[in-house]
Amino acid sequence: MQETRGSVQSIDRAVAILRCFDARTPDLGISDLARATGLSTSTVHRLLLAMQENGLVRQTAHRRYAIGPLVVQLAHSGGIPTGLRDAALPVLRALRDDTGETAAVHELLLSGQRVVLDQVESFHQLRRTYTEFGLPVALPLGAPGKALLAFLPFERQQDVLKGPLEQVQPATITDPEVLAEQFADIRRRGYAMSRTERTAGICSVAAPVYGHSGQVTGCLSVSGPEMRMPVERMEEFGMRVAAGAWSVSELLGTTPAARDRSTALAGGR
């Protein structure tokens with residue numbers, strides 16, 4: 001048992017060392033790593049030797065270390081999905097099977113709009129089917145857009161809320177104060193809901209997906225006909241979509257701390 005605990009501790013320490021490397025500090029010395037991790041220099045040196053043997057780190061000039069070839073190989077092997085669509089598809093299939101409704105992945109565009117990347121359709125004869133792949137959609141329209149907009153930096157939200165806000169259905173929300181209140185609720189519970197706000201007769205729930213930097217990059221949604229989507233069912237689905245979206249975020253490299261910083265900025269803090 002003691003040997004097992006020691007092995008786990010070594011893994012934890014090796015991971016702590018790997019987390020020290022980023023774009024600003026691509027290579028570090030033993031003393032740098034010791035200060036960053038709180039480990040002794042002798043412990044860091046011993047771990048680095050083992051990590052170097054396994055390709056997790058490599059030695060550079062002046063006895064400094066950088067990320068090793070094995071990490072790069074794994075990232076480019078296809079075994080680790082690096083794109084939003086590839087990371088989301090297995091989760092979409094699980095959400096469709098779990099809820100019985102169509103699940104989709106949406107991407108945030110630099111233009112401040114969103115697009116549908118892909119979907120896994122419901123098996124029901126009457127179902128939500130996306131047809132506008134790649135066509136930009138305004139963010140305030142529907143749960144996917146609101147799930148993105150609620151987690152963008154506060155200043156970007158304010159720019160969108162200044163309008164104009166298009167009303168495409170009778171239920172479309174165009175009051176900026178109402179939308180702002182909804183954004184606060186979405187951040188609290190982790191998912192957005194919409195009832196026939198963008199497409200007649202369709203209700204949706206959606207939750208944000210974060211990229212490796214912790215910024216929102218897209219979202220997952222579950223949508224279905226209004227007759228099968230009472231509010232209670234949408235709330236249940238919302239929790240499942242939020243859990244699925246977070247699993248995709250982790251695949252893309254984000255952390256809870258990065259997500260929390262992004263959420264705080266979205267709330268104007």
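1. A charge sits over a ring if NZ of Lys or CZ of Arg is within 6 Å of the ring centre and within 35 degrees of the ring normal. Keep that in mind for the next point. The model here is a predicted one.

2. Look at R128 and Y130. The charged end of R128 sits over the ring of Y130, and the distance to the ring centre is 4.0 Å. Now turn to R189. R189 lies over the face of Y191, 5.1 Å from the ring centre.

3. Next come ring-on-ring pairs. A pair of aromatic rings is described by the distance of the centres and the angle of the planes. The count of aromatic pairs in this model is two. In one of them, the ring centres of F151 and Y210 are 6.2 Å apart. Their planes stand at 80 degrees, so this pair is edge-to-face.

4. Where do F151 and Y210 sit in the chain? F151 is in the loop between helix 6 (142-149) and helix 7 (154-161). Y210 belongs to strand 8 (residues 202-210).

5. Is F151 buried or exposed? F151 has 4% relative accessibility, and the cut-off for buried is under 20%, so F151 counts as buried. Y210 also has a value of 4% and counts as buried.

6. Y210 is in strand 8 and W246 is in helix 9 (residues 231-251). Here the pair links parts of the chain 36 residues apart. Both Y210 and W246 are buried. Through these ring pairs, F151, Y210 and W246 form a cluster.

7. Now the nonpolar cores. In soluble globular proteins, nonpolar side chains tend to be buried together. The largest nonpolar core in this model has 24 residues. Those with the most contacts inside this core are L92, L95, V209, L220, V222, V241 and V248.

8. Which elements each supply at least two residues of this core? They are helix 5 (84-99), strand 4 (102-108), strand 8, strand 9 (216-225) and helix 9. Helix 5 gives the most, with seven residues.

9. Take L92 as an example. Set aside its neighbours within four places in sequence. L92 is then in contact with A103, A104, V105, D118, V120 and L220.

10. Another core lies apart from the largest one. This other core has 21 residues, among them L108, L148, A150 and A206.

Key:
Residues numbered from 1 in each chain as written. Predicted model: local features only at pLDDT ≥ 70, side-chain atom pairs only at ≥ 80, totals over all residues. Heavy atoms only, no water. Phe/Tyr/Trp six-rings, centres within 6.5 Å; stacked < 30°, edge-to-face > 60°. Helix = DSSP H or I, 4+ residues; strand = E, 2+ residues; numbered from the N terminus. Buried < 20%, exposed > 50% of the residue type's maximum accessible area, 1.4 Å probe, protein only. Core = buried A, V, L, I, M, F, W, Y, C linked by side-chain atoms within 4.5 Å. Contact = heavy atoms within 4.5 Å.
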